[in-house]
Amino acid sequence: MTTNTEIQALDVPTAILQRRSIKTFKPDAIAPELLKQLIELTVAAPSSFNVQSWRIIVVQDQAQREALCAASWNQKQIKEAPVTFVFAADASAGEKDLTPILEQGAATGAWNEGTVNYFRNAIPKFQVSLGEKRREYAIKDAMIASTNLVLAAESLGLSTCFMNGWIEDQVKAVIGAENDPELAIAVLVPVGYAAEPRLNPGRLPLSTNVFVDKINTSYQG
Ligand SMILES: Cc1cc2nc3c(=O)[nH]c(=O)nc-3n(C[C@H](O)[C@H](O)[C@H](O)COP(=O)(O)O)c2cc1C
């Protein structure tokens with residue numbers, strides 16, 4: 001893991017509460033070592049069977065950023081931020097060669113031989129059983145990784161904005177994946193230094209959407 005000694009990282013609860021969706025970014029670049037640290041913290045996320053089906057495209061090139069912005073209803077934070085992470089997900093990842101994942105699990109000592117043998121069969125079987133939900137399951141992994149990115153960025157002095165406002169076919173064309181039907185776009189996350197702060201638009205009272213044991217018993221705190 002790359003370390004960044006210049007930044008005093010915020011603790012997780014502070015980063016969670018301080019994070020806002022930022023809509024305007026300064027043109028300031030992200031230092032390469034800081035960007036690498038962010039990428040490493042992003043892929044430290046968990047994933048189903050550790051398949052890591054996310055495909056993360058780190059868009060930095062000016063023309064690429066402009067094309068992504070155009071594919072995102074011209075939302076300017078994508079053009080302004082020095083880096084936009086495109087979180088894609090390979091819906092067929094669990095059917096591909098799992099050897100590197102299984103070997104790493106064994107080499108680290110995290111998975112014993114029984115686990116490795118079980119996973120070798122269980123992962124492709126589970127994948128097939130998902131049917132039409134393969135895409136949805138892959139997107140879950142990508143969304144969790146994107147949450148790691150957003151919180152890590154906040155903790156390390158950067159700002160972000162989760163973004164769903166884009167046209168999938170156009171985003172796929174920008175990243176060169178127009179001919180891959182198994183690749184789904186999960187979310188776009190511009191990252192950079194905020195040009196303007198944003199206020200917290202607030203959250204509903206816990207009793208509105210948190211429940212105890214069953215959906216008809218509101219959580220009262
Ligand atoms: C999945 C997701 C998609 C979003 N898409 C967009 C978007 O396309 N454009 C945008 O400006 N904000 C987008 N937002 C930001 C939300 O509007 C924002 O999270 C919400 O208003 C709460 O504000 P906060 O993030 O500052 O707490 C998105 C947020 C999430 C979680």
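Residues are numbered from 1 along each chain as its sequence is written. In this predicted model, local features need pLDDT of at least 70 and side-chain atom pairs count only at pLDDT 80 or more, while totals for chains, interfaces and linings use all residues.

The largest nonpolar core has 45 residues. Such a core is a set of buried Ala, Val, Leu, Ile, Met, Phe, Trp, Tyr and Cys residues joined through C-beta atoms within 7 Å; buried residues have 20 or more other C-beta atoms within 10 Å of their own, exposed ones 12 or fewer, and partly exposed ones lie in between, with C-beta atoms placed from the backbone. Helix 7 (134-155) and strand 4 (183-192) are among the elements that each supply at least two residues of this core. Helix 7 gives the largest share, eight residues. Helices (H or I, at least four residues) and strands (E, at least two) are DSSP runs, numbered from the N terminus. Ala142, one of the residues with the most contacts inside the core, is in contact (C-beta atoms, placed from the backbone, within 7 Å) with Trp54, Phe87, Ala88, Ala89 and Ala186, leaving aside neighbours within four places in sequence.

Leu102 belongs to helix 5 (residues 99-107). Leu102 counts as partly exposed because 19 other C-beta atoms lie within 10 Å. Not counting residues up to four places away in sequence, Leu102 touches Val116, Phe119 and Arg120.

How values were computed. Contact = placed C-beta atoms within 7 Å.
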